Structure formats: C-alpha cells, structure tokens
Amino acid sequence: MAKTNLNIKRWMSTFSASLVVTLSCFSADLLATPITVTAGSNVPGSVYVPSGFTGGFDLSSSMPGHTAQSGSITATFVDDGDPYSYAGQNNSGYIYNGCGGGWFGCNTFYYYQNKTTYYYDQYESAALQVGSSTAGASSNYFDTGPYYQGSSSYWNGNYNYTDYYYNDYYGYNGSFSVTIALDAAALSNLNSSGGLLDFSVFAYSGDFLFTGAYLTANLVDVIPPPPPPAVGVPEPSPLLLLALGLGAIAFSARRRSKTINC
Ligand SMILES: [Ca+2]
Ligand SMILES: [Ca+2]
C-alpha cells in the first residue's frame, strides 16, 4: 500500500510539471512582441498650403493578423519664402558738437542720425488633425539685428548732417514640424478600415509648404477567440480518468517488479 501511494505521488508530480510547461507555452503565444511599422502619406512632394487639404496613410499590407495599439503622425513644413514687408523706420537723432563742447567757441556743428529700416517676415502656423485631435506648430522667430548699410552727409544751410543707414530683417521662417499621437478615434478608424487613416493639414496663419508626413504604428497580434466546445462528444468522467490513472500505476508497478525479479 505504501508503494502504491509513492507511485501516485510520482504520477501527480509528473502531471503537475507537464501542466506548468503547457501553461508557460500558452502564455508565450499570447504575449507576442509588438511590431512598429512606419508609412509615408499619399501626398507627393511639397504642397503649398494657403488654406488646407486632406491626405491619407495605408498600412493595409501590415494589418492582417494585427491590431494597432498606439501610434503617432508627424508632419513637416517649411516657410515658402515670404516677401519682406516694410515695417517702418526708426530715426534716432543726436547732436554732435564737433568742437568738443561750448556753443560759442566752435564754428561747425553737425547732426547725425541712425536710420533703421525694419523688414518683417510673415508668421506661419500650421495645424495637423487626425481622429478627434488637432495639434499645431509655427515657423521660427529670427532677428538679424541692425546691419550697417552706409551713410550720407549734407548741409542744410545751417548745419552739417550725416545719416547712417541700417536694415533689420526679422520675423518667422524656416522648417518646422508637428507630431500628434493617435487618439482613440484614430486607432478605431485605423483598425476598422484594415489600415487606412486620413489626416488633414490647414493653416492657422500665413502660408507655407507641407513637405511630408509619416505614420508610425505599434501593432500587436490579434488573439483569436477560443473555439467553441465540441457538440455531441461526451467528456470523460472523473471516475474513468481515475480508473485509467490507477491502471497505469498498477501496470508500471508490475513491470518494475518483473524487471527487479529479472
Ligand atoms: Ca514667414
Ligand atoms: Ca510664408
């Protein structure tokens, strides 16, 4: 009887080990490693954006067997090179005493003025819209500072005048970009369409060139639902399983006994 208990313990130990291995393999299948895919938009080249347009992405070749969990869209822009608009002139006048001081001891007085002309580059602001979300980006501020351009001198009948000229270019230009995460609506559209997703670009302010957009999506395996139980096939009863187990133990014990006897 003690030997039978020992065999039952060994059989249960073997069964438990097999069950652990089976569950481990099952969990590994469910936790498939996500893959990241990237696709460019269907908008070719650069598009002038005075107002707006709509484009799209196509991930249909990567979607079978997968579902998108997260992702983002990045759109890039560049200013189109605006004509500078004249922004006024600043006159800063100074009186210079050529004699080093003293009004009555000098014969010559003259004035000089710094005249700066400002040229303004228009401000641009772009918007990217996907799903239910919108994000914006704007061109970059710059200021060259006053650059000396030359001077001119003249006599107005009473005094000598010298004007010094400067130009200052400032405003907004250059390349800029915006990235927006796929929200729930965008992910739903992407998954329900089998990998297609639309986006829109428009101008909040100014004009510029849209130079491209790409979609990055993180995909995971689609886990199929478990198959329905078979109809009409009776499951083995616990008593039958117990009888089969005890029979196997008895058979194993008999073989071992014979082997020892040999
Ligand atoms: Ca500009
Ligand atoms: Ca512009």
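Ser200 counts as partly exposed because 14 C-beta neighbours fall inside 10 Å; on this scale, with C-beta atoms placed from the backbone, a residue is buried if 20 or more other C-beta atoms lie within 10 Å of its own, exposed if 12 or fewer, and partly exposed in between. Ser200 belongs to strand E13, where strands (E, at least two residues) and helices (H or I, at least four) are DSSP runs numbered from the N terminus. Contacts of Ser200 comprise Gly52, Thr54 and Gln129, with residues up to four places away in sequence not counted; a contact requires C-beta atoms, placed from the backbone, within 7 Å. Thr134, 66 residues away in sequence, lies 9.2 Å from Ser200 between C-alpha atoms.

The model is predicted, with local features needing pLDDT of at least 70, side-chain atom pairs counting only at pLDDT 80 or more, and totals for chains, interfaces and linings using all residues. Residues are numbered from 1 along each chain as its sequence is written, while chains are lettered from A and ligands numbered from 1 in the order in which they are written.

The largest nonpolar core contains 25 residues, among which Ile73, Ala75, Leu128, Val130 and Leu197 touch the most other members; such a core is a set of buried Ala, Val, Leu, Ile, Met, Phe, Trp, Tyr and Cys residues joined through C-beta atoms within 7 Å. At least two residues of this core come from each of strands E4 (66–79), E7 (125–130), E12 (175–181), E13 (196–205) and E14 (208–221) and from helix H2 (184–192). E14 provides the largest share, six residues.

Mean pLDDT, the predictor's confidence in each residue from 0 to 100, is 79 for the chain.

Definitions and conventions
Two residues are in contact if their C-beta atoms, placed from the backbone, lie within 7 Å.
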